[in-house]
Amino acid sequence: MEKGRGLASAGQPSDDLPEALLGIRKAAHRTAAGVTADIEHFRFNKAIARLYEFLGTLKGLKTEGDAAPVAAEALTFLTQLTAPFMPHLAEECWELLGHDGLCCDAAWPSVNETFLEDDTVTLPVQVNGKRRGEIKASKDASKEDIEAMALAQPDVARFMEGKTVRKLIVVPGRIVNVVAG
């Protein structure tokens, strides 16, 4: 690939992206924040584990069309985050992506804080004090919505067969408890 003709020329990703591409951007920024913190605290094994996890997220990512700017950003982040551990590989990837200069001279990836916030929360669901399942709910989901999701969860419904709900306790962002008898 000739210099300057790689993904680096794809431009900046737009703000209105499909959910899958937005997930890739969030993963890129979360990985950058995590690897940065891991390096600062000398947790190199953890940093490398994050890079492997991010690489798994990138498998199957398309590099054409609307996905090109997201792919360029994600692969640039991956290359820069890999540089402290594998500088020779990072420099080769940097050149293949079409960037000018050296990867080691480029600024460290800047993290967009809005991508670090999660829109959903995973809530464990207990039936009579024993964990029977979990649900994923929006952070701003109403108590009624969370109750309905918890009772509709297949594992919870299985343990509720033939029982009536006596009390349903929702601790927002923490847990759902169903007391049945």
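I looked up the aromatic rings and found that Phe42, Phe44 and Phe85 form one cluster. My rule: rings of Phe, Tyr and Trp (its six-membered ring) pair if their centres lie within 6.5 Å; planes under 30 degrees apart are stacked, over 60 edge-to-face, the rest tilted. This is a predicted model, so I kept local features to pLDDT of at least 70 and side-chain atom pairs to pLDDT 80 or more, while totals for chains, interfaces and linings use all residues. Residues are numbered from 1 along each chain as its sequence is written, and side-chain values use heavy atoms, leaving out hydrogens and water.

That rule gave me 2 aromatic pairs. Phe42 and Phe44 have ring centres 5.9 Å apart and planes at 85°, so I noted them as edge-to-face. Phe44 and Phe85 are edge-to-face too, at 6.3 Å and 70°.

Next entry: where do phenylalanine 44 and phenylalanine 85 lie? Phe44 is in helix 2 and Phe85 in the loop between helix 3 and helix 4 (87-96), so the pair ties together parts 41 residues apart in sequence. Helices here are DSSP runs (H or I, at least four residues) and strands are E runs of at least two, numbered from the N terminus.

I checked accessibility, with buried under 20% relative accessible area, exposed over 50% and partly exposed in between (1.4 Å probe, protein chains only). Phe42 is exposed at 66%, whereas Phe44 is partly exposed at 38%. Phe85, at 24%, is partly exposed.

Last, leucine 58: leaving aside neighbours within four places in sequence, I found Leu58 in contact (heavy atoms within 4.5 Å) with Ile24, Ala74, Leu75 and Leu78.
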